Amino acid sequence: MRFINLTRQTEIGANSYFLELDGKKLVIDAGLHPKHEGEAALPYYRSIPDGSLDGILISHAHQDHIGSLPVLMRRQSQARVFMTHATAKLSDVMLHNSVNVMSRQRDELRIPTYPLFTHREADHASELWQSVGFRQYWTLEGERIPRPNHELTFEMYGSGHILGSAGILFRAEGKKVFYTGDVNFLEQTLMRGADFPEGEIDILIIETTRGDRELEVGYSRKAEERRFLAAIIDAFKKGGSILIPVFALGKTQEILTMLHLFKCQGALRHVPIYIGGLSTKITILHDQLASHAPRQYEGLQLLDSVGPHVLSSRDVQTTQIGRRRIYALSSGMMTEKTLSNQLGERLLTDSSQSVFFVGYADPESPAGRLKAAHPGDLVQLDQGQPSQRLACQVSEFDFSAHAPRELLFDYIRKVSPKMVILVHGDPPAVSWFDSRISKELPGTIVVIPEPGKEYEF
Ligand SMILES: [Zn+2]
Ligand SMILES: [Zn+2]
């Protein structure tokens, strides 16, 4: 087997990995870096000769895993592309949105290479994708077979991260190679926990996102949901509203499900809920796919049950923020020009308002800066606007879509791989796994793949 990490650094960036198994060449995931721009946001595709791949496999529809797929497909037009049905539906929406964002950035930030692909290319790309079901055996020729044979096959396993997300198991050369993708073993509010293979695995390529922090003692999703509800009720007592910055895909639907459950319990009954832009399109897809991909509350139609109001960018700048309202707006990192950034600007200096964070934010992003600020600090959410003095309440909740490191380690122990390749983590996260595995599983070889370097196993 040959392996190349196509990311440009050891980090959670533009995820993409080259694998050669049984003479077949493939790439898993084709991400786009959320913090870099232009060519630098792409994985290092130049290390694979154009026209040389047999297959491209996608684990899930987050930008850091599919954002550059049309670029990779342009270079590798002969390669077949596989993903689950829900990932295909979601990726289509995500890529078109990405064209819009890049077109705006071309003008605003003067990036001449943007957009990296067009709406037409995104349409053309999605027509070529082949949807595969969970726990089915497929060949890279796109044939579903009843049982694995001597040739290279792959299977998708639910990874519990977002709708349609999958880990991918390859069988070749008498070995099993498993790529976890982004995984959560715990139940979320809407998503079920991962449903991963349990037998022995030879080579495990595993995400390490949360390797840098331990799970809080006594943490449970249910208890965190109760704390969240109590905080919402408290915040309303101050006479204001709540902004919840959320990723459009995944976190928005998790929060809407929570709000639905709270309403079923008789809480927050007449509280108006607002969402916007891309979140609306993605929520419609979650409703359409409710029984087509593993999740809880199969029959639950979020838009009907929660009845959120939809806000445009213009609404966000002019609407009366009011009291006792919940604004679950993207982006999760409060990136400039997004709805959550624009509303954040408006309520930052008002002590009756609140901002609740429910997920990860890069420390250098506007959300990261706001999380780190103390009351009275000057905070700048938009570089084009003056800093403002922080007066609103800022709180944080842990509704992560990634497995805590302890459970990832348990999984490694369970499948006792001969080799573990650590990916999708910042250096401190990766090194926690490195030392834990080296100490407790001395028979397992640990590889921290250097970007661009070719490994032969
Ligand atoms: Zn993800
Ligand atoms: Zn990811």
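In which handedness of crossing does α3 pass α4? This is a predicted model, where local features need pLDDT of at least 70, side-chain atom pairs count only at pLDDT 80 or more, and totals for chains, interfaces and linings use all residues. Residues are numbered from 1 along each chain as its sequence is written, with chains lettered from A and ligands numbered from 1 in the order in which they are written.

**View 1. α3 crossing α4.** α3 passes α4 in a right-handed crossing (the near helix is turned clockwise from the far one by less than a right angle). Touching here are A88, D92, L95, H96 and V99 from α3, plus H119, A122 and S126 from α4 (contact: C-beta atoms, placed from the backbone, within 7 Å). The axes sit 9 Å apart at an angle of about 170 degrees, so the two helices are roughly antiparallel (angles over 145 degrees).

**View 2. The buried face of α7.** Helix α7 spans residues 278-288, and L278, S279, I282, T283 and H286 are buried (20 or more other C-beta atoms within 10 Å of the residue's own). Down the axis of α7, these buried residues fall within an arc of 130 degrees, so they line one face of the helix. They pack against α3 (85-108), α6 (251-264), β14 (273-276) and α8 (302-306).

**View 3. α6 against α7.** T252, Q253 and L256 of α6 meet S279, I282, T283 and H286 of α7. The packing angle is about 70 degrees, with axes 9 Å apart, so α6 and α7 are roughly perpendicular (65 to 115 degrees). α6 also passes α7 in a right-handed crossing.

How values were computed:
Buried ≥ 20, exposed ≤ 12 C-beta atoms within 10 Å, placed from the backbone. Helix = DSSP H or I, 4+ residues; strand = E, 2+ residues; numbered from the N terminus. Arc of directions from axis to C-beta. Contact = placed C-beta atoms within 7 Å. Axes fitted to C-alpha atoms, helices over the stretch in contact; angles between N-to-C directions. Parallel < 35°, antiparallel > 145°, perpendicular 65-115°, else oblique.
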